[in-house]
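Try each task before reading its solution.

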Amino acid sequence: MSSLLDDLSALEAEALEAVDSADTLDNLESIRVQYLGRKDGRISAILRRVGELEPEERPQVGAEANRVKGRLQEALESQTAALTAEKGGQGSPGEDLTLPGRAPWAGGRHPVTLVIDELWEIFRGLGFTRARGPEAETEWHNFVALNTPLDHPAADEQDTLYLKGGHLLRSHTSPVQVRVMQSHRPPIRVLAPGMVYRRDTYDATHAPAFAQLEGLVVDEGITFVDLKATLAEFARRYWGPETRVRFRPSFFPFTEPSAEVDVKRVYRDAEGREQETDWLEIMGAGMVDPAVLDQCGIDSERYTGFAFGMGPGRIGMLKYGIPDIRAYFDNDMRFLRQFAHR
Ligand code: PHE
């Protein structure tokens, strides 16, 4: 009899060791079958030999066999749980199943991109197509072709960074007008968004790099009426039908006449009372100077056009109440996330 008890205790040690080092659920299952299997299991084999013992010795071996079975079953269960948890299953110790899940971060549009897309939707509805030009420009496209001699004060106002090889970082998106007029014949109706660069101090209202959105229309018979109607229609679609639009005389070397365009938003407050904002300056605009048309190979006797340029960053500050332009560049996720799902 002592030999059966010895066999059991050797088998117990061996089985526990096997369970401990099992590294897959399949492994565990074959260990279970090997030791606990009803017909061919090794414990069953030992129990079959209980008949060889004296009757009074049998209960002790039976009891010991049951204890080993129980112990083995427990070991199998806890190893099954451990392996399942490793695989990402549930119930590993220390795992809090009541914690909310972590949503994957899907990314989103930068607020300035969001505003450009909103503005683009409106102009697309007015028949504009999209154009783009390089950020590294020639002096000729950025200034000269736009009627701005390099010694003109307007060229000083838009001082920028110069690159090797005679290029500069464009100080506005107006050179895209030049490129479009050189490569396309009228009728032209394009919108060109992009980054521009100026030697400006970085403060609440200035950044040395910022986005602009340029518009250009060239065709036969285009007048200042078309400019006013197009920009007023745009402003009402963007800020609401009650929005008022004002054109103030201004100067740009490449448009004549030129204007600054202001909007005043008229809206109802929470109590339903009519409220209005101050006049807000949103863009520069004007009729394309005939000299610019001619420079770009478009017959200024036959065609006229208008152009405008606005800063989507400023427009976004007004629309979303952003007090400091630097918020666009700080990469603070608490700020950026607010626009991610718009
Ligand atoms: N390019 C001008 C600027 O950056 C804006 C503008 C564009 C004015 C088109 C008139 C026409 O200030």
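## Exercise 1: A strand-to-strand salt bridge

At 2% relative accessibility, D262 counts as buried, and keep in mind that this is a predicted model.

**Task.** Find which residue forms a salt bridge with D262, and work out which strands the pair ties together.

**Solution.** 
- Step 1: Look around the D262 side chain. The partner is R248, with the closest N and O atoms 2.7 Å apart.
- Step 2: D262 sits in strand β7 (residues 255-264) and R248 in strand β6 (residues 244-252), so the bridge ties together parts that are 14 residues apart in sequence.
- Step 3: Check the cover. The cut-off for buried is under 20% relative accessible area, so D262, at 2%, counts as buried. R248 has a relative accessible area of 28%, so this residue is partly exposed.

## Exercise 2: Two more bridges

**Task.** Take the salt bridges E14 to R42 and E137 to R179. For each side chain, decide: buried or partly exposed?

**Solution.** 
- Step 1: Start with E14 and R42, whose side chains meet at 2.8 Å, N to O. The pair links distant parts of the chain: E14 belongs to helix α1 (residues 2-21) and R42 to helix α3 (residues 42-48), 28 residues apart.
- Step 2: Read off the accessibility. E14 comes out at 37%, so it is partly exposed. R42 is at 30% and counts as partly exposed too.
- Step 3: Move to E137 and R179, where the N to O distance is 2.7 Å.
- Step 4: E137, at 1%, is buried, while R179, at 27%, is partly exposed.

For context, a search of the whole structure turns up 23 salt bridges.

## Exercise 3: Around the ligand

**Task.** How many residues surround the ligand, and which are the closest? Then find which element gives the largest share of the shell.

**Solution.** 
- Step 1: Collect the neighbours. There are 15 residues around the ligand, and the closest are H172, S174, R198, Q212 and E214.
- Step 2: Go through some side-chain distances. For S174, an N or O atom of the side chain is 2.9 Å from a ligand nitrogen. For R198, a side-chain N or O atom is 2.9 Å from an oxygen atom of the ligand. Q212 also has a side-chain N or O atom 2.9 Å from a ligand oxygen.
- Step 3: Turn to the cover. On its own the ligand exposes 320 Å², and the protein buries 92% of that.
- Step 4: Sort the shell by element. At least two residues each come from α8 (174-183), β5 (209-219), β10 (280-288) and β11 (304-310). The largest share is from β11, which supplies three residues.

## Exercise 4: A loop and its patch

**Solution.** 
- Step 1: Pick out the patch. W140, V144 and L150 make it, and its area is about 230 Å².
- Step 2: Locate V144, which is in the loop between α6 (139-142) and α7 (153-157). With a relative accessible area of 31%, V144 is partly exposed.
- Step 3: P149 has 41% relative accessibility, so it counts as partly exposed.
- Step 4: Take a C-alpha distance. P149 and Q177 are 28 residues apart along the chain, and their C-alpha atoms are separated by 17 Å.

## Exercise 5: Zooming out

**Task.** Which domains does the chain's domain assignment give, and how many Å separate their centres?

**Solution.** 
- Step 1: Read the assignment. It gives domain 1 (2-86) and domain 2 (111-339).
- Step 2: Compare the centres. Taken over C-alpha atoms, the centres of domain 1 and domain 2 are 82 Å apart.
- Step 3: Finish with A209, a residue of strand β5. A209 is at 19% relative accessibility and so counts as buried. From A209 to R199 is ten residues in sequence and 8.7 Å in space, C-alpha to C-alpha.

How values were computed
Residues numbered from 1 in each chain as written. Predicted model: local features only at pLDDT ≥ 70, side-chain atom pairs only at ≥ 80, totals over all residues. Heavy atoms only, no water. Domains from an automatic or database assignment. Patch = residues over 30% accessible without salt bridge, like charges linked within 9 Å, V, L, I, M, F, W, Y side chains within 5 Å. Areas by Shrake-Rupley, 256 points an atom, 1.4 Å probe, with all protein chains shown as cover. Salt bridge = Lys/Arg side-chain N within 4 Å of Asp/Glu carboxyl O. Helix = DSSP H or I, 4+ residues; strand = E, 2+ residues; numbered from the N terminus. Buried < 20%, exposed > 50% of the residue type's maximum accessible area, 1.4 Å probe, protein only. Near = heavy atom within 4 Å. Polar contact = N/O pair within 3.5 Å; in protein donor to acceptor, adjacent residues only side chain to side chain.
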